[in-house]
Amino acid sequence: MIAGFAGLPAQADAARSPLLAQPEQAQVQALEKALASAPPALKADVAAALPTLRPYIATLMCVQDDRATQGLVEKFVGSRGTAMFNGWAGAMSPAKRMRHHDMSGCVTVTRIQNWKRVAANEFRFDILFTAEDSGESYLWNNVVHKEPDGTWLIA
């Protein structure tokens with residue numbers, strides 16, 4: 001496991017499956033740099049949400065098969081997760097939406113953009129993922145919501 005991913009239990013658990021590739025150190029660094037790009041008004045909430053955001057994004061970067069995202073969805077989307085996964089007919093990862101990317105490797109987080117507070121307990125952002133091998137990119141939209149118990153989940 002790459003040192004930058006130590007302590008990412010969701011990604012680490014999924015990594016035991018052949019359905020999840022492992023990121024290179026440069027990809028881990030790109031993810032950390034992108035997460036640090038949050039505007040000052042959102043920095044505290046983003047920092048509080050990092051235990052959810054890091055493994056969620058890291059798994060999205062490296063998933064090779066839609067089945068590998070089921071645990072991710074159940075853990076980070078909350079009670080809606082199972083119903084959402086079971087009803088999903090499309091690709092559950094940015095890489096699966098790329099036609100020429102070699103799925104045996106991870107895609108890179110090029111940047112996180114369009115940070116915006118939606119409510120006192122909710123913010124949104126977009127992640128631009130890029131496949132280094134094919135040059136393809138995909139923009140992944142996200143909303144993060146703070147639950148009453150203080151846990152941040154993907155909305």
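**Exercise 1. Determine the handedness of the crossing between helices α2 and α3, and describe the contact between them.**

Solution. In this predicted model, helices α2 and α3 cross in a right-handed sense. The next step is to locate the two elements: α2 covers residues 25–35 and α3 covers residues 43–62. Their axes come within 11 Å, with a crossing angle of roughly 145°. Next, the residues that form the contact are listed. Helix α2 contributes Gln27, Leu31, Glu32 and Leu35, while helix α3 contributes Val46, Leu50, Leu53, Arg54, Ile57, Ala58 and Met61. Sorted by class, the residues in the contact of α2 with α3 are eight nonpolar, one polar and two charged.

**Exercise 2. State whether Thr52 is buried or exposed, and give the distance between its C-alpha atom and that of Thr151.**

Solution. First, Thr52 is placed in helix α3. Second, its relative accessible area is 8%. Because a residue is buried under 20%, Thr52 counts as buried. Third, Thr52 and Thr151 are 99 residues apart along the chain, and 8.4 Å separates their C-alpha atoms.

**Exercise 3. Locate Pro94, classify its accessibility and identify its contacts beyond four places in sequence.**

Solution. Begin with the position: Pro94 belongs to the loop between α5 (80–87) and β1 (108–119). Its relative accessibility is 0%, so Pro94 is buried. Setting aside neighbours within four places in sequence, the contacts of Pro94 are Leu60, Phe129, Tyr138 and Trp140. For one of these, Trp140, the C-alpha to C-alpha distance to Pro94 is 6.8 Å, across 46 residues of sequence.

**Exercise 4. Describe the chain as a whole: its elements, burial, contacts and surface.**

Solution. The chain has five helices and four strands. Read from the N terminus, the order is α-α-α-α-α-β-β-β-β. The chain has 155 residues, and 47% of them count as buried. Contacts are then considered for residues at least 6 apart in sequence: 53% of these join residues at least 24 apart. Finally, the accessible surface is about 7600 Å², and carbon and sulfur atoms account for 53% of that area.

Notes:
Residues numbered from 1 in each chain as written. Predicted model: local features only at pLDDT ≥ 70, side-chain atom pairs only at ≥ 80, totals over all residues. Heavy atoms only, no water. Buried < 20%, exposed > 50% of the residue type's maximum accessible area, 1.4 Å probe, protein only. Contact = heavy atoms within 4.5 Å. Areas by Shrake-Rupley, 256 points an atom, 1.4 Å probe, with all protein chains shown as cover. Axes fitted to C-alpha atoms, helices over the stretch in contact; angles between N-to-C directions. Left-handed = near helix turned anticlockwise from the far one by under 90°. Nonpolar A, V, L, I, M, F, W, Y, C, P; charged D, E, K, R; others polar.
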